[in-house]
Amino acid sequence: MTEVYLILLLTALSTSIIGVFLVLRDLSMTADAISHSILLGIVLGYLISKSLDSPLLFVGALIFGLLTVVSVEILMKTKRVHEDAALGIVFPLFFSIGVILLSKYLRNVHLCVDSVIMGEVILAPLHRTVFLGLIEMPMALKQGIIILTLNILYIVLFYKELKLSTFDKAFAIMSGFSVPLIHYSLMTLISLNAVMAFDAVGSILVISFLVAPAATAIKLTKNLFQTLLLSAAIAVFNTTVGYFIAIHFNVNIAGVVAFVGLLTFLIAKLFEPEGFIRDIVNKREQRRYMNRLLIITHIKSHQNQEDAEEEVGDDNMQRHLRMKDFAYEKTIQYLLKENYITKDKIFQLTEKGEEYYRQMMLENGLMEY
């Protein structure tokens, strides 16, 4: 089970860091299409080589991953098909052919339709190999180490190019960078990550591993380097929590990790700087501020007038302002506590309250410096 956890962890780390650029480039659904289409390349690679260890599986996956991207772009260039429609045409075609070939010719091979679609990481350690001629380990673990290393090297070596082409494609072209090369190399790496993820999470859930940690990190920080680190940290959290929950309830591990990823994203969405919770807090604080402004202004306008007792008397001010009991009591308590007002037969501003009134008027453009 330690090997199972490590396989899942490496898969999550690899996909999470490369997934940042997918989300920032609005290529999430393209990655989904690639993760499905490469099945045909894997099946054809096995039919040719008759071995699950053959590099032809990776070659086939890469070819059909890139072929998916190229086919979608060709359809889009006709200007008669939108990107979503093009994706809906291309990847179901490749995926369906792969499923047909898989169910027809590979029934007795450890590459069944269920594991391809949903993944079953518990079975991954059964397929073993030797790493660097020294250590025996699961094939999926070896692949995970290699792909994670490739992802890190790719991001380190092409960090500037990736950053420029992601945020300002026009400037990247003017600077002499080959934007198509970066694009297709990124898609190639996505194909490799999707192949690696087959044993652990299958072709369906891999999109969650690619997108969920990255999308969550992007909600919480606007710095690209910090986003990469945070995405990896979130992937570790999702994997660890999902793994132990799945073991406890004896359910599909990858599915639970994907579900935890959804929950993590929703929490980040709620608490992001411009999120739902922050919006509620801001509106609540704005209501409090307006209540203070209303009461302070009313006291300032009437405290020295003949009608002071009628307008700002303890028993009359709430009735004149038509404020609800709770809002009125909370606001008065705050102003008294902060020593902005005093309470006798009538409410009056203190020196501190006079300054607070002046500050509020300046903030709202009702008074000049």
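Mentor: Happy to; we'll take the salt bridges and then turn to a leucine.

Mentor: A word on the basis: this is a predicted model, where local features need pLDDT of at least 70, side-chain atom pairs count only at pLDDT 80 or more, and totals for chains, interfaces and linings use all residues. Residues are numbered from 1 along each chain as its sequence is written, and side-chain values use heavy atoms, with hydrogens and water left out.

Trainee: Thanks! How many salt bridges are there by the rule you use?

Mentor: The count comes to three. The rule asks for a side-chain nitrogen of Lys or Arg within 4 Å of a carboxyl oxygen of Asp or Glu.

Trainee: Which residue does Arg-288 pair with?

Mentor: Arg-288 meets Glu-285 in a salt bridge, at 3.9 Å from N to O.

Trainee: And how are those two placed in the helix?

Mentor: Both are in helix α12 (residues 276-302), and because they are three residues apart there, about one helical turn separates them. Helices here are DSSP runs of H or I with at least four residues, numbered from the N terminus.

Trainee: What about Arg-292, which side chain does that one meet?

Mentor: Glu-285 again: the N to O distance for this salt bridge is 3.7 Å.

Trainee: Is Arg-292 buried or exposed?

Mentor: Arg-292 is buried, at 11% relative accessible area. Glu-285, at 37%, is partly exposed, and so is Arg-288, at 35%. The cut-offs are under 20% for buried, over 50% for exposed and partly exposed in between, with a 1.4 Å probe and protein chains only.

Trainee: OK, and what does Lys-300 bridge to?

Mentor: To Glu-354, with the closest N and O atoms 2.8 Å apart. That pair links distant parts of the chain, as Lys-300 is in helix α12 and Glu-354 is in helix α16 (residues 351-363), 54 residues apart. Lys-300 is partly exposed at 31%, as is Glu-354 at 28%.

Trainee: Which residues end up in one network?

Mentor: Glu-285, Arg-288 and Arg-292, joined by salt bridges that share partners.

Trainee: Changing topic: where is Leu-150 found?

Mentor: In helix α6 (residues 139-157). Leu-150 is partly exposed, with a relative accessible area of 38%.

Trainee: And what does Leu-150 touch?

Mentor: Leaving out residues up to four places away in sequence, Leu-150 touches Leu-189 and Leu-192. Contact here means heavy atoms within 4.5 Å.

Trainee: How far is Leu-150 from Asp-32?

Mentor: They are 118 residues apart in sequence and 21 Å apart in space, C-alpha to C-alpha.
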